[in-house]
Amino acid sequence: MLRSHCLVIVALAGWLGPSFANAQTPPKMFFALNADGTGWRKVFQLEGYPACGSPAVSPDGKQFAFDAWQVAGNRQAGPATLFVVGLDGTNARELCSGQMPSWSPDGKFLVCSRSGQSSGVWIMTAEGKEHKQVASAWGGQWSPDGKRIAYYDGTRIMTYEVETGAVRQTLSADNHGYRQIFWNMTWSPDSTQICFKAAKQDGTEAMALVDAGGDENGFKERWSGKGLWADFAWHPRGDRLVMSIRRPETKRSQLFEVDPDSDDPPQLVAGQDETFNSLGMSWTPDGEQLIVVGFSPP
């Protein structure tokens, strides 16, 4: 049983997506919330970056990395930048350019994605130095066992072997029929499965699970509908998978969770503030906290 579960909500007012944000909306804020819906409190506020996303808690549970953009009017101004901040809201610092950070399990390295002339998946130190490109693709995510980095290339999911540099196909474009695979996939805690978002031919979206050893070993579409955000958080116990789905009745993106091993429909995460749009997310290693990116529309 977990000790005093807690959610940490990162409420970033004014976040509209990776390319657009309104600089006139209120600045982003970081909040803490107990998992049972009590104890909401402000933790941190970062000035100058109305657009942020893709939080990733460090393996020691003391800080999290995320990406952020400056804006001019309603347009992105400059490249996406990686930051790190303590879970207590202190010691925020800039690392380097990049998006969608993901930690190596020893906390010594990060993998991220970059656009522009340096487009691709890159490894760097936790201080944002000694950069190495590992793929001309997108959405790199480090496996919890440290052996592989998953990313998508077109409508395939590939894995890069960290020790040998070998590249293997995990999801074949011929075996699923999706018209698009999305970024911000996540690994299961035991590194045997990958959860990802896909767009279907009929215009609906899917949350699916694929065996990390190859889709011939296991592939399951766990949820299908509309309004799914491309980010997931798999609890360290393995029995809770959190995602964000837009609710027509509230016109907000809200947190839902499923048991990945069951066929039960997604359940609304208890205690979240329904005035916020809650998006990207990441569990702490002890499973007691969740980092969530969100915003409250003006």
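Before I show anything, one definition: a residue is called buried when its relative accessible area is under 20%, exposed when it is over 50%, and partly exposed in between, using a 1.4 Å probe and protein chains only. What you see above is a predicted model, in which local features need pLDDT of at least 70 and side-chain atom pairs count only at pLDDT 80 or more, while totals for chains, interfaces and linings use all residues. Residues are numbered from 1 along each chain as its sequence is written, and side-chain values use heavy atoms, with hydrogens and water left out.

Four strands form an open sheet in the order E12-E13-E14-E15, with antiparallel pairing, where two strands count as paired if DSSP finds at least two bridges between them. Strand E12 (138-142) and strand E15 (167-171) are the edge strands, each of them pairing on one side only. In general, the strands of a sheet pair through backbone hydrogen bonds, either parallel or antiparallel.

Going across the sheet, E12 pairs with strand E13 (residues 148-153) over three bridges, and Gln141 stands opposite Ala150 in E13. E13 and E14 pair over six bridges, with Tyr152 opposite Ile157 in E14; these two strands form a hairpin with two residues between them, and Gly154 in the turn has a positive phi of about 70 degrees. E14 and E15 then pair over four bridges, Met158 having Gln169 in E15 as its bridge partner, and their hairpin has five residues between the strands, with Gly165 in the turn at a positive phi of about 85 degrees.

Why can we say that strand E14 (residues 156-161) is largely enclosed by the rest of the structure? Five of the six residues of E14 are buried, so the strand is largely enclosed in that way.

One last point concerns contacts, meaning heavy atoms within 4.5 Å. Of the contacts in the protein chain with a separation of 6 or more, 43% are between residues 24 or more positions apart.
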